[in-house]
Amino acid sequence: MDQQILDRGRRHCLRLGGGVALGMACSGLPGVISAALAEAAEPLGDWLRKPIPSSGERLPVVGIGTARRFDVAAGADQLPVLREVLTELPVLGGCLVDTAPSYGRAEAVIGELVAAIGNRKDLFIATKVGAGRDGRDAGIAEMQGSLRRLQVDHFDLLQVHNLAGVKDMLPVLRDWKANGRTRYIGISTSFKDQYQDFAAVMERERFDFIQVDYAIDNRSAEQRILPLAAERGMAVLCNLPFGRGRVLQAFGQRPLPDWAAALGIQSWAQFALKFVAAHPAVTCAIPGTAKLGYLRDNLGAIRGQLPDAATRKKMAALIQAG
């Protein structure tokens, strides 16, 4: 493995997962060990983190997504608010920022704000490539554009977006990983009609990460995708953990159940995020976040405890009851 990648990995392990021995955390792990790590959520200080099976590096169980919310014009009134979000994210115990070139100006906004804040070293920046649908050269051009827009010399995670051009792009992603342009690689989807093809790619290829839609009212990924990720030693990012707003609308203004307090849950957003993050295969939930108040609420889910299997059933029953 490229020494540059190892050095970056060690720095992230020290910063994000100080309780993991470097010999284990920064080398490839056998499948049995990876599976065991994927099921373990341990607190680091007051913050719940889970390991990336392929390396042992630990990530906070909640990050942020940037689709639509970070697609704002230069000079827009929202920019100071977005700057607050990216400034406070690592202060509150988070680090993962997920974006894509198809999210309008999101990459450029993140790049400009992070450069101004100066906290790149505290963030785990994940993006995607979708232009591979038009061939390898188009995909590479888009990846190079993402580096420029994000103002970085490497990604922490690069994903093939919605399987677009996956056959052509995977060799390129592996080459970029070998040359230190990305630390991890993966694939993403947010469409159930892609699940069959998605699982087939997971079965024949090796990835550090997958990303899939998963929420307390949208558990289709439990049938095949999440078990396969655990079996194959792949970290899992979960997009749409609020189901495009459906989950919070369903819970509405009703009071939280008394037993939620024992888990440190103080809002329905934290309830929904802890349900997602507690699945043994899930590494990190990435709700779209563009306001400081929402960030503080969402990041509250990385404190306290994660629910066990029996409690998750009670949680699911609440939304099924309507």
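Biologist: Which residue has its backbone oxygen 3.3 Å from a polar atom of the side chain of Arg-120?

Modeller: That residue is His-154. Keep in mind that this is a predicted model. Arg-120 itself sits in the loop between α5 (106-117) and β6 (124-129).

Biologist: Which residues is Arg-120 in contact with, leaving aside its neighbours within four places in sequence?

Modeller: With those neighbours set aside, Arg-120 touches Val-114, Ile-125, Val-152, His-154, Phe-155 and Asp-156.

Biologist: How do I read a salt bridge, and how many does the structure hold?

Modeller: The general idea is that side chains of opposite charge can pair when their charged atoms come close. In this model there are 14 salt bridges. One of them joins Glu-112 to Arg-105, with 3.2 Å between the closest N and O atoms.

Biologist: What parts does the pair of Arg-224 and Glu-203 tie together?

Modeller: Start with the distance: the closest N and O atoms of this salt bridge are 2.5 Å apart. Arg-224 belongs to the loop between β9 (209-213) and α9 (225-232), while Glu-203 belongs to helix α8 (residues 195-204), so the bridge links parts that are 21 residues apart in sequence. Arg-224 is partly exposed at 37% relative accessibility, and Glu-203 is partly exposed at 42%.

Biologist: What about Glu-205 and Arg-204?

Modeller: Their side chains also meet in a salt bridge, at 3.8 Å from N to O. Arg-204 has 54% relative accessibility and therefore counts as exposed.

Biologist: Now pockets. What is the volume of the largest pocket?

Modeller: Rolling a probe the size of a water molecule over the atoms shows where empty space is left. Here the largest pocket has a volume of about 730 Å³. It is lined by 32 residues, and those closest to its centre are Arg-68, Arg-69, Leu-240, Pro-287 and Gly-288.

Biologist: Which helix gives the most to the lining, and what classes of residue are found there?

Modeller: Helix α12 (residues 292-299) gives the most, with 3 residues. By class, the lining of the largest pocket contains 12 nonpolar, 13 polar and 7 charged residues.

Technical notes
Residues are numbered from 1 along each chain as its sequence is written. This is a predicted model: local features need pLDDT of at least 70, side-chain atom pairs count only at pLDDT 80 or more; totals for chains, interfaces and linings use all residues. Side-chain values use heavy atoms; hydrogens and water are left out. On a 1 Å grid over the protein atoms alone, a cavity is a set of points where a 1.4 Å probe fits but cannot get out, and a pocket is an open set with protein on both sides within 12 Å along at least five of seven lines; lining residues have an atom within 4 Å of a point. Grid points are joined across faces, edges and corners, and a volume is the space filled by probe spheres set on the points. Helices (H or I, at least four residues) and strands (E, at least two) are DSSP runs, numbered from the N terminus. Ala, Val, Leu, Ile, Met, Phe, Trp, Tyr, Cys and Pro count as nonpolar, Asp, Glu, Lys and Arg as charged, and the others, Gly among them, as polar. A salt bridge is a side-chain nitrogen of Lys or Arg within 4 Å of a carboxyl oxygen of Asp or Glu. Buried means under 20% relative accessible area, exposed over 50%, partly exposed in between (1.4 Å probe, protein chains only). A polar contact is a pair of N or O atoms within 3.5 Å; within protein, one must be able to donate a hydrogen and the other to accept it, and residues adjacent in sequence count only if both atoms are side-chain atoms. Contact means heavy atoms within 4.5 Å.
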